[in-house]
Amino acid sequence: MNIAILSGKGGTGKTTVSTNLSLVTGSNYIDCDVEEPNGFIFLKPSQIASREVKMDYPLVDTNLCALCGACAKVCQFNALVRTKKKITLFEKLCHGCRACGLMCNHGALTFGKRVVGRIEEGTLWDIVCKRGILNVGELMAVPVIKELLTNLPEGVNLLDCSPGTSCNVVCSLQYADSAVLVTEPSLFGLHDLKMAVQLVRCFNLPLSVIINKYNREDDRIERYCQQENIRVLGVIPYDREVVRVYSSGKMVVQLPEYRERFEKIAKNLREVFPWN
Amino acid sequence: MELAVISGKGGTGKTTIALALAELAGNVVKADCDVDAPNLHLFYRGKDLVTQSFSGEKIAVVNKENCTACNKCGDVCQFYAIQNGEVNPFKCEGCGACVLVCPQKVISLRDEKTADVYVTETDKGIISRARMEIGSEGSGKLVTKLRDNAKKFAQENTLIIIDGSPGIGCSVIASVTGSDGVLIVTEPTQSGLEDLKRAAELCRHFGVLTLVCINKYDINEEISEKIEGYCIKNNVNLVGRIPYDDMVVKAINNLQPIIYFENSKANQAIRQMWHKICLYLNSFGK
């Protein structure tokens, strides 16, 4: 069972929730925020194995190329451009679709592989910790996320997703069975939560909410959730102590009060999305 | 002249700071390029001067009537997005490989609407912004469109402030490339530091003037020092240290830019930072 942890707005506490819940429930932790993967800072898994993520890209044999430009014409991503003397490839724009290869009548195109990121996998006790890392300067995170989420370990996996509601999150949600949305009680938090709820509903996944940086005064999230009939699994209050622990890269369940909070959230989570 | 505000890590205060700087600068055009989670427009009311529908992606569509379900399309699709003529819109990247191989010629590519694009005139100037269709692709292209729209409404000397998105992928790259300066807003947490490194590396990769501001610098001064050390070592210009201030969240929830809270510590620090940023931008030559 794969549970996606997402948020819409950035910095609401996806990673805090995912890492601490993974520890409390013994679930595997999968960091899908490949542009900025931070979960390992907190979980510090060991015995890390690393492998590269590669993408196809076209190679032009200049001896065979007739400079007809059919490949460039068919490329929807403007990754191939015909100039007077050669076909130029902008490799970072290439999606690896191979449409250009289908168009070439001169046998001038073959495909090579280039590295766009890597996958790391380690363990913390019996918890599998896995993450994808996009190379800096690469445009597309989706190939790394796909590679990361193919062949997930057995059991319950918590998928720590990217912020936002576009392709990276869409990609992660395709592998999810349910979703937990982490939000904060600010107006920004609510605005972006609504977008995330719409997205999750496109996939017909069961969803629930955790309110981070909680305070008693601002109840806009609770009111919204009530209106929309969304279960709030729990709240995580905000104080300087928890900020100190988090900012140093430590787990907030070290603090007894927060451990209790997370255990309660875990219990509610098991009720909402039953697993063995 | 364009200044892009980005962060790497989400929730460090990009929008709060972009908004404050825009208010301090006065005559600016704002571009809300955090298209996944646009919040800047919440602060303003105004009239939409431009409303356009925007297509940032294509998708394969199949005329089922003459489809023989031969699955030549499925064999060639690198994204597992089509099977016997059935398209999964979430997986389709719009490459058109299936169109090329279909013996019945029943597949075509259709432009998909991915956003509504607006140019809004407010009493505090122009905002270029978008409302993205939930779950759509191509946010990089959309960011480029928003910057183009902002430029159309900016005079030669007008500063354009871009409120970017978190991360380092296509939409951030589209916000950063070709801009005159980038302000990275970070926070003194381990995550903030790691993400700052990746964001700064990205800026170096594209050769843009890079400025850094540590927001909430006093929530962990030890890590703030590490960030400062990183900036010095890597020749990145630290322009601001903004203290944690409860008033910032209050300001957001009241939809008021923080610079109008006179007693706010954050306000004072942001004003000082703005002077420094101006020096850097001016030295770049308006």
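Strands (E, at least two residues) and helices (H or I, at least four residues) are DSSP runs, numbered from the N terminus, and two strands pair if DSSP finds at least two bridges between them. This is a predicted model, in which local features need pLDDT of at least 70 and side-chain atom pairs count only at pLDDT 80 or more, while totals for chains, interfaces and linings use all residues. Residues are numbered from 1 along each chain as its sequence is written, and chains are lettered from A and ligands numbered from 1 in the order in which they are written.

Chain A contains an open sheet of nine strands with mixed pairing, in the order β3-β6-β7-β2-β8-β1-β9-β10-β11. Because β3 (46-60) and β11 (231-237) of chain A each have a single partner strand, one side of each edge strand lacks a neighbour in the sheet. From one strand to the next, the twist averages 20 degrees. Axes are lines fitted to C-alpha atoms, for helices over the stretch in contact, and angles run from 0 to 180 degrees between N-to-C directions. Residues are in contact if their C-beta atoms, placed from the backbone, lie within 7 Å.

Two helices of chain A pack on this sheet:

| Helix | Strands touched | Angle |
|---|---|---|
| α5(A), residues 142-149 | β2(A), β3(A), β6(A), β7(A) | about 160 degrees with β7(A) |
| α10(A), residues 256-272 | β10(A), β11(A) | about 170 degrees with β11(A) |

Within the sheet, β1 (residues 2-6) and β8 (residues 157-160) of chain A pair in the parallel sense over four bridges, with A4(A) opposite L159(A).
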